[in-house]
Amino acid sequence: MEISDILILLGGLALFLYGMQMMSNGLEMAAGNKMKRILEKLTSNRIKGVLAGAVITAVIQSSSATTVMVVGFVNSGLMTLNQAVWVIMGANIGTTITGQLIALDIGVIAPLIAFLGVATILFVKNEKAKHISEIFAGLGVLFIGMDMMGSAMVPLQNSETFIHFMTTFSNPLIGILIGAVFTAIIQSSSASVGILQALASTGMIPLSSAVYILFGQNIGTCITAVLASIGTKVNAKRTTVIHLMFNIIGTVIFTVICLVTPFTILMEHITPGNPVAQIANVHTVFNIITTLLLLPFGTYMARLAEKILPDKQSEQEEVLHLEYIQPFESHYAMGHGALVLTQIDQEVERMRGIVRETVAGSFDAVLHSSSHGKEELEQKEEYIDYLNAEVSRYIVSVMHHEMAVEDSIKISGYYKILGNLERIGDHAMNVLGYAVSMKKKEVVFSDKAKQEIMTMKEMSLQILDDVAGSNVEDLKTMLEKTSRDEQKIDDIRNKYLTQQLERIGKSECIADAGIFFSEMLTDFERIGDHALNIAEQYYEMLTRVV
């Protein structure tokens, strides 16, 4: 091969990988956060899960992208480990479609597919049509790259050294190692299988040798998921273990089959004189048979992964940390919107819980005329400020990435919700400040005032419970209930203020106590206002999307 051939080979590989990236982006932008709901429905049992993995992978032509998405979903709690098993099995079947399309010589019409896809992107205004067209444009670019790689390898037909090596290695482990290492380097089994088909089409490698490289390629593709799992939770790492187990077990089974049976001869007879189709068929048979064999043992594979990577018993958490937002960076965009939204929603809900605890503790401090627990409540307030800052920073960072419009709207909404929760935390600390000041000045509320403060506490907690979570079906009910409770808070505030003035007029309330009580009523009202802002923001996120 000359330098120009090597450059063409690299250029073809670049187009192949970029085509897959375009298809992933197109599916992500078209589906957005719906990917979460789709997978929830389609992974309710093992058959649906396998079909879901196969279809998604067939659409984007990359099992690596699907597996990385699954790793992320398991990491964020969107998907269980058992559900992940079925999707990974399906992904291994879906990835074989690339080889079959190559065997059908779809590359002949690839330029037309790419042209139509790009033309639609440029001239059609409908956003959904543009995203779907990006999938087709990516498919065309992918096969143009595949043709370039095939053309670049034609000169290897004249290399006696290369032909001798590829046709005479007798140890299957060498072939498996070659396939695994090469695929791990380019991080795409579809691309490496395509290159193997290109080599086979020139007659430089017989099927009896190619099958072992093919088996190794299935193992090598796991490297992408392994890299994606770095820094994730243990359950996400278990997903990559299952992926590795699937392909290693399949490789062992089929290596034995090839050594003791005329399997390769049979595959050659099915499509005689067509080595490209022969490799595609072996790849398809490998993944379908392995899936059928392992399908009854999926739950056992999940349990084995749990034993290989057990939970850490003595793991100390940081004092301040993000529980659900994990460092999960990948060049595959698919599923990114669903992951981001779920992680942010979980952290926001966690922050709401801490805010609720702070509000309850602050009112209790006033009711008991005690500053006991002041340090703990101040630590909670510090945690609230930390979460507000860190989650906001994460939101700002992800908004730099292209995503579906509805996902962008929701993420912007969460940013505003964070600010309202942080302000409720500030009002809770104001209430705590009154308790501390009252303790110093030895000011004590009357039993009547304490009953009113207890009602204020209960109403504050109730309205914070109103805005718990963001279930789409409940958002209208959430807004209606929060609006009613906010109005009750306003009415109670006005009522208690009137009663306080009456007590002052009757000399039943000292001046300092009256000042603290009126200030507390203001914070009580503000808590209701910010809670209503949160409910309205959740509802706006839904209605703007719809």
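Helices here are DSSP runs of type H or I with at least four residues, strands are E runs of at least two, and both are numbered from the N terminus. With that in hand, welcome to a predicted model, in which local features need pLDDT of at least 70, side-chain atom pairs count only at pLDDT 80 or more, and totals for chains, interfaces and linings use all residues. Residues are numbered from 1 along each chain as its sequence is written, and side-chain values use heavy atoms, with hydrogens and water left out.

The protein chain has 23 helices and 0 strands. Of its 546 residues, 54% count as buried (under 20% relative accessible area; exposed is over 50% and partly exposed in between, with a 1.4 Å probe and protein chains only). Among contacts in the chain (heavy atoms within 4.5 Å) with a separation of 6 or more, 83% join residues 24 or more positions apart.

**Helix H20 and the residue after it**

- Helix H20 has 37 residues and runs 55 Å from its first C-alpha to its last, close to the 54 Å expected at 1.5 Å a residue (the expected span is 1.5 Å times one less than the number of residues).
- Just after H20 comes Glu 442, with a positive phi of about 60°.
- Most residues other than glycine have a negative phi.
- Glu 442 sits in the loop between helix H20 (405-441) and helix H21 (447-466), and its relative accessible area of 69% makes it exposed.

**The nonpolar cores**

- A nonpolar core is a set of buried Ala, Val, Leu, Ile, Met, Phe, Trp, Tyr and Cys residues joined through side-chain atoms within 4.5 Å.
- The largest one has 66 residues, and those touching the most other members are Ile 344, Val 359, Tyr 414, Phe 445, Ile 453, Met 520 and Tyr 538.
- At least two residues of this core come from each of helix H18 (336-367), helix H19 (374-398), H20, H21, helix H22 (475-505) and helix H23 (511-545).
- Another core, of 33 residues, lies apart from it and includes Ile 60, Met 69, Val 74 and Ile 135.
- Beyond its neighbours within four places in sequence, Phe 445 contacts Val 366, Met 438, Lys 450, Ile 453, Ala 513, Phe 516, Phe 517 and Met 520.
- Val 359 belongs to helix H18 and is buried, at 1% relative accessible area.
- With neighbours within four places set aside, the contacts of Val 359 are Ile 424, Ala 428, Ser 460, Leu 461, Leu 464 and Ile 527.
- Val 359 and Ile 527 are 168 residues apart along the chain, while their C-alpha atoms are separated by 9.2 Å.

**An enclosed helix**

- Among the buried residues of H5 are Gln 83, Trp 86, Met 89 and Asn 92.

**Cysteines**

- The structure holds 0 disulfides (pairs of cysteine sulfur atoms within 2.5 Å).
- Cys 222 is buried at 1% relative accessible area, and Cys 258 also counts as buried, at 10%.

**Two partly exposed residues**

- Ile 121, in helix H7 (residues 110-123), is partly exposed at 27% relative accessibility.
- Not counting residues up to four places away, Ile 121 touches Lys 130, Ser 133, Glu 134 and Ala 137.
- Asp 311 lies in the loop between helix H17 (298-308) and H18, and is partly exposed at 47%.
- Asp 311 and Val 234 are 77 residues apart in sequence and 7.0 Å apart in space, C-alpha to C-alpha.
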